[in-house]
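Student: Could you walk me through this one, feature by feature?
Tutor: Gladly; let us look at it together.

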Amino acid sequence: MTEFKNLQFSVEDEVAVLTISRPAALNALNTETLKELTVALNEIEAMDDVKVLILTGGPDKKDNPYKSFVAGADISEMVNFTAPEARAFGITAATPFFKLSEMRQVTIAAVNGFALGGGCEIAMACDIRIAADNAIFGQPETGLGIIPGFGGTQRLARLIGMGRAKELIFTCDNIDANEAYRIGLVNKVVAKEELMDSAKAMAKKIASKGSFAVSLAKTAINNGYDMDIKNAVENEANLFGVVNDTHDKKEGMGAFLEKRAASLTDF
Ligand code: CO8
């Protein structure tokens, strides 16, 4: 893996952890970090030994690991943007954000504190979100005179419904982890000290399944989400055909019929 200024990477037991680390700015996303994310995610997608990716935030400058996941886009960079620069910033972010949604591995956001603005948006770009019980979510952009620009107007409405998304974006209200769970913004809430263990336990469970099948299921869900249901189900049937001819299908079903544990590989 390339060495990065604002990212740290580790991998163990087929689970990778990518940590956004800008302690002086509560891990706010600047152009440099977004570009690093693009490189890192492309490299991770090509790693055969990684089946699940956990994205989290590093400690703040007082070394508190539960202060911030990502406190948004970097306001000190955005403040002097011209309109073309602002647009380019959004486009720079779109590449790694779509990669998180679409890469072959499952992506889990382990939200260890503030997930505001672009922080909430990057968590939403992941497949699954697990929140520490002290996490805070919000879209403060309209209070700064801007709008969510890393996909937040779209992903928030898709995740929690248009009415709730509009309320959060128009009022800039922050919500805590339990409220985020109640409205479906996060998959689960755990004690902050258990966040990484909980994310890794889920990641290992996912990694133990047929990883090609998991990857195709992700593709089927993603592709179908923006289609009408008939085309979406046809797309699912096409992918079902693809997954039919794999070792894992023969082994998974054979093991069931032979009443033994399956030994799945990745195809
Ligand atoms: N950008 C830059 N620096 C930041 C950011 C940020 N988003 N958030 C925190 N920091 C910095 C602070 O300036 C401070 O720096 P310093 O120590 O040098 O003064 C340091 O991090 C620590 O922060 P605080 O002292 O403010 O810590 P507190 O515990 O008092 O407060 C908060 C924590 C509540 C998280 C507070 O820092 C805060 O409100 N941060 C900003 C949150 C925010 O508004 N985020 C949304 C930004 S807009 C956005 O994300 C738009 C995304 C889409 C853009 C698309 C463009 C096309």
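Student: Which domains does the assignment give?
Tutor: The domain assignment of the protein gives domain 1 (7–207) and domain 2 (211–257), with bounds from an automatic or database domain assignment. Before we go on, residues are numbered from 1 along each chain as its sequence is written. This is a predicted model, where local features need pLDDT of at least 70, side-chain atom pairs count only at pLDDT 80 or more, and totals for chains, interfaces and linings use all residues.

Student: How many residues of domain 1 are in contact with domain 2?
Tutor: Two residues are in contact if their C-beta atoms, placed from the backbone, lie within 7 Å. Here, eight residues of domain 1 are in contact with five of domain 2. On the domain 1 side, α3 (83–102) and α8 (195–207) each supply at least two residues; helices (H or I, at least four residues) and strands (E, at least two) are DSSP runs, numbered from the N terminus. By class, that side has three nonpolar, one polar and four charged residues. Ala, Val, Leu, Ile, Met, Phe, Trp, Tyr, Cys and Pro count as nonpolar, Asp, Glu, Lys and Arg as charged, and the others, Gly among them, as polar.

Student: Which residues are closest to the ligand?
Tutor: A residue is near a molecule if its C-beta atom, placed from the backbone, lies within 6 Å of it. In this model 23 residues surround the ligand, and the closest are Ala71, Gly72, Gly90, Gly117 and Gly149. α3 gives the most to this shell, with three residues. The shell divides into 15 nonpolar, six polar and two charged residues.

Student: At what angle do α4 and α5 pack?
Tutor: Axes are lines fitted to C-alpha atoms, for helices over the stretch in contact, and angles run from 0 to 180 degrees between N-to-C directions. Helix α4 (residues 118–125) packs on helix α5 (residues 152–160) at about 55°, with axes 10 Å apart. The two are therefore oblique to each other: angles under 35 degrees count as roughly parallel, over 145 as roughly antiparallel, 65 to 115 as roughly perpendicular and the rest as oblique. In this contact, α4 uses Cys120, Glu121, Met124 and Ala125, while α5 uses Gly152, Arg155, Leu156 and Leu159.

Student: And what is the angle between α9 and α10?
Tutor: Helix α9 (residues 211–225) and helix α10 (residues 229–244) pack at about 165°, their axes 9 Å apart. That makes α9 roughly antiparallel to α10. The residues of their contact divide into eight nonpolar, four polar and one charged.
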